[in-house]
Amino acid sequence: MDGSARDLESTAASVAEASKADEAPSADAAKTDVNLDATKSDGLGCHAGKDQLKAAAEQAGKSETLKRYAEDYPTGPHDQPQSMCPAFGSLRVGLRMRRTATVLSGSACCVYGLTFTSHFYGARRTVGYVPFNSETLVTGKLFEDIRDAVYKLADPELYDTVVITNLCVPTASGVPLQLLPKEINGVRIIGIDVPGFGVPTHAEAKDVLAGAMLNYARTEVEQGPVAAPKTGRSDLPTVTLLGEMFPADPMSIGAMLEPLGLAAGPTVPTREWRELYAALDGVAVAAIHPYYTASVREFREAGRPIVGSAPVGVEGTAAWLEAIGKACNVATKDIDAAKAKFLPATRAALATAPIKGRITLSGYEGSELIVARLLIESGADVRYVGTACPKTPWSDPDREWLEARGVVVTYRASLEQDLAAMAEFKPDLAVGTTPVVQKAKEAAIPALYFTNLISARPLMGPAGAGSLGQVVNAALGSKPRFDEMNAFFEGVGQGYAAGVWEDVPVEPKAPPRPAVKAKKPPKPPKAQSLKEAGAC
């Protein structure tokens with residue numbers, strides 16, 4: 001275990017002890033607005049429900065934060081997609097950054113689940129935790145505990161940044177992370193609220209933290225010189241890449257930018273703080289993932305143009321090179337030279353791994369539309385694309401291209417919509433989230449999990465053109481195996497009738513609800529004459 005991990009664990013332990021101590025709240029805590037309503041539901045308010053938590057947060061001084069989230073990450077046409085806790089996204093961003101301590105403040109069950117998920121996905125760092133109970137929450141002691149934890153962690157020998165995240169209950173209770181010092185001993189302090197009732201998906205939670213870091217870094221740049229990246233500054237103007245990608249994709253993009261006289265800049269979210277400065281220094285931003293609204297706002301404040309879509313397939317690569325060239329004032333001849341170099345190679349790569357089959361596709365990573373484009377250019381018959389992310393201007397090029405080819409594109413897609421599309425279009429392959437894959441396999445339809453088997457592959461340029469063919473064609477080829485298994489188990493029943501029976505059991509019926517006799521309304525009082533009522 002490294003020193004930073006030991007430090008986080010010791011801090012978590014000491015803060016746990018501190019939270020049990022019977023101390024009077026400080027003057028700062030006494031001034032803090034704490035909403036007692038957030039704790040009335042079950043002692044901590046964790047299961048109070050989205051509407052109650054949201055109302056409590058607004059009363060506790062978080063209305064501006066929630067309003068900004070509503071503008072940046074609009075819901076609808078329905079409430080919220082079914083996906084993992086959104087805070088996992090911001091947690092993952094912090095855990096992947098060097099010299100960054102990540103601390104959570106929330107209900108223990110939530111912190112356990114987020115910690116488990118982060119380590120399941122390969123995190124090798126300790127997740128800090130500041131616990132609380134009803135008393136520390138409503139008296140302001142939780143804020144004191146968070147502040148103590150931040151001071152103990154702010155060691156410039158170990159960290160550049162400490163990120164503290166409020167989950168649902170501390171956000172609803174108005175725990176004011178904005179009152180924390182912006183810097184301690186040269187270590188940056190960043191506090192963010194990532195409640196499930198304010199941030200719809202884990203993909204957008206990545207943007208919450210990335211945007212907060214870009215805002216902090218932009219302020220530092222405005223104040224004077226900042227440190228250069230470890231790799232040094234590029235001799236060519238750079239294009240910042242927005243959105244997590246397969247590690248080979250930034251290199252592929254860099255190769256495509258070279259004929260334009262450009263280079264690939266950092267990928268946001270970054271892996272270390274100094275890369276944020278270089279990201280802001282780029283001449284343009286490629287919004288590979290189009291939902292990073294807060295990050296786009298910071299880049300626009302820095303005067304950087306934003307280009308949507310991505311270099312996927314032949315048509316996608318051609319359009320993207322054209323758009324990047326225009327945004328960076330590249331000569332037409334240089335744009336044409338880049339096309340002449342990479343489009344034939346992309347076309348040849350697509351031809352080596354053609355895909356034949358009808359596909360429905362859904363996911364919550366934000367790259368669903370560009371994956372669908374690549375599948376179609378590979379020869380697939382894609383009928384439906386559902387994404388848990390919202391519609392933004394930077395996804396318009398991909399949406400318009402798909403809709404022009406008859407594809408149904410659904411933003412903020414629910415599980416019910418994904419399953420309805422699978423039932424309607426009867427695909428040869430369903431690509432989607434875990435419950436979609438489960439339902440497809442129950443119906444003997446080959447299926448692939450989008451996050452682990454599709455989005456975690458190179459997609460850009462010639463290198464990504466043939467990357468999907470092997471896994472998709474292998475899945476399409478498994479249909480006879482599904483049919484064979486289906487035939488083998490035919491007749492064993494499902495649900496209540498699962499198994500081999502001489503007499504198939506009768507489906508149990510729910511017991512009848514006892515009849516409730518309506519109470520007879522009371523008889524109205526007998527009318528009185530004016531004389532009886534005492535009137536004159």
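Cys328 is buried (under 20% relative accessible area; exposed is over 50%, partly exposed in between, with a 1.4 Å probe and protein chains only), at 15% relative accessibility. Cys109 counts as partly exposed, at 48%.

This is a predicted model, where local features need pLDDT of at least 70, side-chain atom pairs count only at pLDDT 80 or more, and totals for chains, interfaces and linings use all residues. Residues are numbered from 1 along each chain as its sequence is written, and side-chain values use heavy atoms, without hydrogens and water.

**Cysteines**

How many disulfides are there? The count is zero. A disulfide here is a pair of cysteine sulfur atoms within 2.5 Å. The sulfur of Cys109 is 4.0 Å from its closest cysteine sulfur, in Cys110, so it is too far for a bond.

**Aromatic rings**

Rings of Phe, Tyr and Trp (its six-membered ring) pair if their centres lie within 6.5 Å; planes under 30 degrees apart are stacked, over 60 edge-to-face, the rest tilted. The structure holds five such pairs, including these:

| Pair | Centre to centre | Angle between planes | Type |
|---|---|---|---|
| Phe116 and Phe120 | 6.4 Å | 20° | stacked |
| Tyr216 and Trp273 | 5.6 Å | 85° | edge-to-face |

Tyr216 lies in helix α9 (residues 202–223) and Trp273 in the loop between β7 (263–268) and α11 (274–280), so their pair ties together parts 57 residues apart in sequence. Helices (H or I, at least four residues) and strands (E, at least two) are DSSP runs, numbered from the N terminus. Both Tyr216 and Trp273 are buried.

Phe116 and Phe120 both lie in helix α5, four residues apart.
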